Amino acid sequence: MKFRSVFDIIGPVMIGPSSSHTAGAARIGRAARSLFGRLPRRVTITLYGSFAKTYRGHGTDVALVGGLLDFDTDDERMVQALEMARESGVEITFIESEEVADHPNTARLHLEDDQGDLEVTGISIGGGKMEIVELNGFELRLSGSAPALLVTHHDRYGAVAKVATVLANHRINIGYMQVSRKEKGLEALMIIETDQHVDDPIQREISSLEDITGVTVL
């Protein structure tokens, strides 16, 4: 096995006790917050596998909520996340599922407010790392380790090429791309990891393209 850095072995700087159950969970929560784009009013968190069995003892509940509050893994406020969420008016509900998930450290977060809702499924893969594996029913693999652009669009010929052309025109290199759809000809999702951050003017340019229905940056 090859490691890219020492942090792949020892894990991140974090508020403990567990890199997989705490730091990884915090990053799942923070990714969900970033995808939602704002602090939600209501969150239902369904836990699977070892997350469901040990989340209180390992601080997984605290970490997920800390991430939703946009705390990084080493933020000292993490231990007060549940109380701070309540004080901010965020209603949190935890559900312990007995369903067997593909990964033992799985959390599904349903975020809501008066403007809309979002459902995100993430897994903690060890060493403080996580992956987002589902977004509003779309399957994907998103690590959060690189800037990422998520583009929803009508499943039509040329949509992917149009977005890639805009990025190329601005000299933004694509490191990874995945396209997912629920059904042929309906809504689809592009996941594009880039070497550079995609600034707001470029996001707006992509949003204005024909067949593009939404743009989110992680």
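1. A quick word on terms before we look at the helices: axes are lines fitted to C-alpha atoms, for helices over the stretch in contact, and the angles between their N-to-C directions run from 0 to 180 degrees. Please also keep in mind that this is a predicted model.

2. With that in hand, take helix H6 (residues 159-169) and helix H7 (residues 200-207), which pack at an angle of about 155° with their axes 10 Å apart. Angles over 145 degrees count as roughly antiparallel, so H6 is roughly antiparallel to H7. The crossing of these two helices, H6 and H7, is right-handed.

3. Which residues make the contact? From H6 they are Val163, Val166 and Leu167, and from H7 they are Ile202, Glu205 and Ile206. By class, the contact of H6 with H7 has five nonpolar residues, one charged and no polar.

4. Now for the second largest pocket, which holds about 340 Å³ of space. Its lining is made by 14 residues, and those nearest the centre of the pocket are Asp102, Thr106, Thr121, Val133 and Glu134.

5. Strands feature in this lining: strand S3 (105-113), strand S4 (116-126), strand S5 (129-135) and strand S6 (138-142) are the elements that each give two or more residues to the second largest pocket. The largest share comes from S6, with three residues.

6. How do the lining residues of the second largest pocket divide into nonpolar, polar and charged? Six are charged, five are nonpolar and three are polar.

Notes: Residues numbered from 1 in each chain as written. Predicted model: local features only at pLDDT ≥ 70, side-chain atom pairs only at ≥ 80, totals over all residues. Heavy atoms only, no water. Helix = DSSP H or I, 4+ residues; strand = E, 2+ residues; numbered from the N terminus. Parallel < 35°, antiparallel > 145°, perpendicular 65-115°, else oblique. Left-handed = near helix turned anticlockwise from the far one by under 90°. Contact = heavy atoms within 4.5 Å. Nonpolar A, V, L, I, M, F, W, Y, C, P; charged D, E, K, R; others polar. 1 Å grid on protein atoms, 1.4 Å probe; cavity = no way out; pocket = protein on both sides within 12 Å on 5 of 7 lines; lining within 4 Å. Points joined across faces, edges and corners; volume = space filled by probe spheres on them.
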